[in-house]
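I opened the notebook to look up a few helices and side chains. Entries follow in the order I checked them.

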Amino acid sequence: MKARFYSQGEDHYALDPDLKAILDTFAPGLPQEELGAFGRLVGEEVLEVAHHVDQEAPPRLLMHDLDGRRLDQALLSPAQEALLAKLRPMMRPAYEGRGWPLHYAFGYLLADGGLYCILTITQQTAYALHKYAPEWEGVKRELLYGQAYGATWMTEIQGGSDLGANRTVARREGEAYRLYAGDKYFASGAGLADYALVTARPEGGPPGPKGLALFLLPRRVGGELNFRVRRFKEKLATRAVPSGEVELEGSLAYLIGRAEEGIYYTLENLTVSRLANAVAAMGIAKKAHLEALFRVRRRTAFGKTLLEHELIQRDLLWMRLKQVAGTALAFLAVQAFDRVWQERPPYSPDYHLARLLSHLAKGRTAEHAAEITGLAMELFGGLGFLEEYGVARWHREALITPIWEGPANIQALDMAEALAKKRAHEPLLALLAASPLALAHAQRVLKRLEDEGPWYAKEALRGLADAVSLYALERIPKDPFPELARLFAKAFLLGEGLPPGARRPEAYDPWWSLA
């Protein structure tokens, strides 16, 4: 399959020394053999199957069986089903006492938005049951160890990211509830999920997001379909995950935890998936970066390889700085979440810091991914625009990462809320005290945000994310990270650009250390 991907058949963990340096800093002690085995699975099977699903075999919706009864079932390619079985163990580390960083390292290496989405929404369902509904331990084990899939259906057609606009009503019926008037319009895992987490407003509940409770919705009750899938979406990318429209009208569901805390459970689940979005964004960017690194060594123009041209070297340095900055930011956020994830409301200042970092990481890595994958296409020239080769798909896949789990405007507003109401800037500034330049930059950003308010919020998210990225890069001792941190500060915090003196293979070529 080398005809489509240069990295086909390669160990994607071994090809990424920058990832290893970042993990050694923010998640030391991860099992190298497991990461290597997973990196080989990605190079040998994931690339091929994911491309096959994207190009030739996306999930299809089978609405009726032979007797005319509604099935609303997603039909997957047998190759995708077999691959998901091999990938399923990556959901388990946190629940087996091995921590979240290992899961997210696997997610970075997997870096296929559709496949990772299926696993993430399944794990999110298990997460809510693990923390807030221990009576569903059997279902949690089905999700993590069996053949069951989960999903998270929060948004509705009229509200999107505005969860407070949800119309689904939950009416008490004995020990359970019936859900009515539900139109979950962008339901990933539709037709595949055996259990879904859904938001709904108990009858008589207050308006707005604080009136929402979280429910467990089984696919079948007494052998009968418990909800209907209206249709599947035709998507630009992430085609491996079936995304559809789900109708809830009389659907039986079970309350998770306390109804009045439902919005907090929902936001916790969003933190889990926002971190997945961040590591996946940088993993997708890395897939494109790898293809570019192969390409510039093989392609000749004007009498020498692309790698020998100064402007190509500058492009590669720009790509690497964004790649390492976003990846370090993402795994710093993962580290923070791993320390507090067992907390329940009301949360500690450390939890609010972890939440703030998740907003910064989700927002900034999505921007990095779109830009890195776009430049990788450009470095391929016309071939980069052809669907028969792999690099074009990485750009398509990257374009969902700014949208999923709340677009940049939502991340910026949620960040501002965490600063204003939870005072999350206080532990943030204490963290950045170890990096004077990062601290000064963050203080300037916070002052301007205070002066200008929401108008500046998206720029503030970007500025704070870059300050934290610099702090993270400065924590990584392995060469050439001290130089990369200095160059990142010059280009992204001080606005001085990339100096000609940075034109050194150690800086622009992550494979220099592998030579």
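**Entry 1: the model.** I am working from a predicted model.

**Entry 2: α5 against α7.** I looked up how α5 and α7 pack. Helix α5 spans residues 113–132 and helix α7 spans residues 262–298. Their axes lie 10 Å apart, at an angle of about 150°. Angles over 145 degrees count as roughly antiparallel, so α5 is roughly antiparallel to α7. The crossing of α5 past α7 is right-handed.

Next I listed the contact residues. On the α5 side I found Y116, T120, Q123, Q124, T125, Y127, A128, K131 and Y132. On the α7 side they meet Y265, E268, N269, L270, V272, S273, A276, V279 and A280. I then sorted this contact by class: 10 residues are nonpolar, 6 are polar and 2 are charged.

**Entry 3: the core.** Which residues have the most contacts inside the largest nonpolar core? I noted Y104, W153, I256 and F331. This core has 182 residues. Helix α7 gives the largest share of the core, with 18 residues.

I left aside its neighbours within four places in sequence. F331 is then in contact with L19, I22, L23, F26, P101, Y104, A105, Y108 and V279. Of these, Y104 is also on the list of residues with the most contacts inside the core. V279 is also one of the α7 residues that meet α5.

**Entry 4: K286.** I stayed on α7, where K286 has its place. Is K286 buried or exposed? Its relative accessibility is 3%, so K286 counts as buried; the cut-off is under 20%. Not counting residues up to four places away in sequence, K286 touches D16, Y108, Q323 and P510. Y108 is a contact of F331 too.

**Entry 5: R393.** I moved to helix α10, residues 391–398, which holds R393. R393 is buried because its relative accessibility is 0%.

**Entry 6: E48.** E48 has a relative accessible area of 37%, so I logged E48 as partly exposed. E48 and I410 are 362 residues apart along the chain. Their C-alpha atoms are separated by 35 Å.

Conventions: Residues are numbered from 1 along each chain as its sequence is written. This is a predicted model: local features need pLDDT of at least 70, side-chain atom pairs count only at pLDDT 80 or more; totals for chains, interfaces and linings use all residues. Side-chain values use heavy atoms; hydrogens and water are left out. Axes are lines fitted to C-alpha atoms, for helices over the stretch in contact, and angles run from 0 to 180 degrees between N-to-C directions. Helices (H or I, at least four residues) and strands (E, at least two) are DSSP runs, numbered from the N terminus. Angles under 35 degrees count as roughly parallel, over 145 as roughly antiparallel, 65 to 115 as roughly perpendicular and the rest as oblique. A crossing is left-handed if the near helix is turned anticlockwise from the far one by less than a right angle, and right-handed if clockwise. Contact means heavy atoms within 4.5 Å. Ala, Val, Leu, Ile, Met, Phe, Trp, Tyr, Cys and Pro count as nonpolar, Asp, Glu, Lys and Arg as charged, and the others, Gly among them, as polar. A nonpolar core is a set of buried Ala, Val, Leu, Ile, Met, Phe, Trp, Tyr and Cys residues joined through side-chain atoms within 4.5 Å. Buried means under 20% relative accessible area, exposed over 50%, partly exposed in between (1.4 Å probe, protein chains only).
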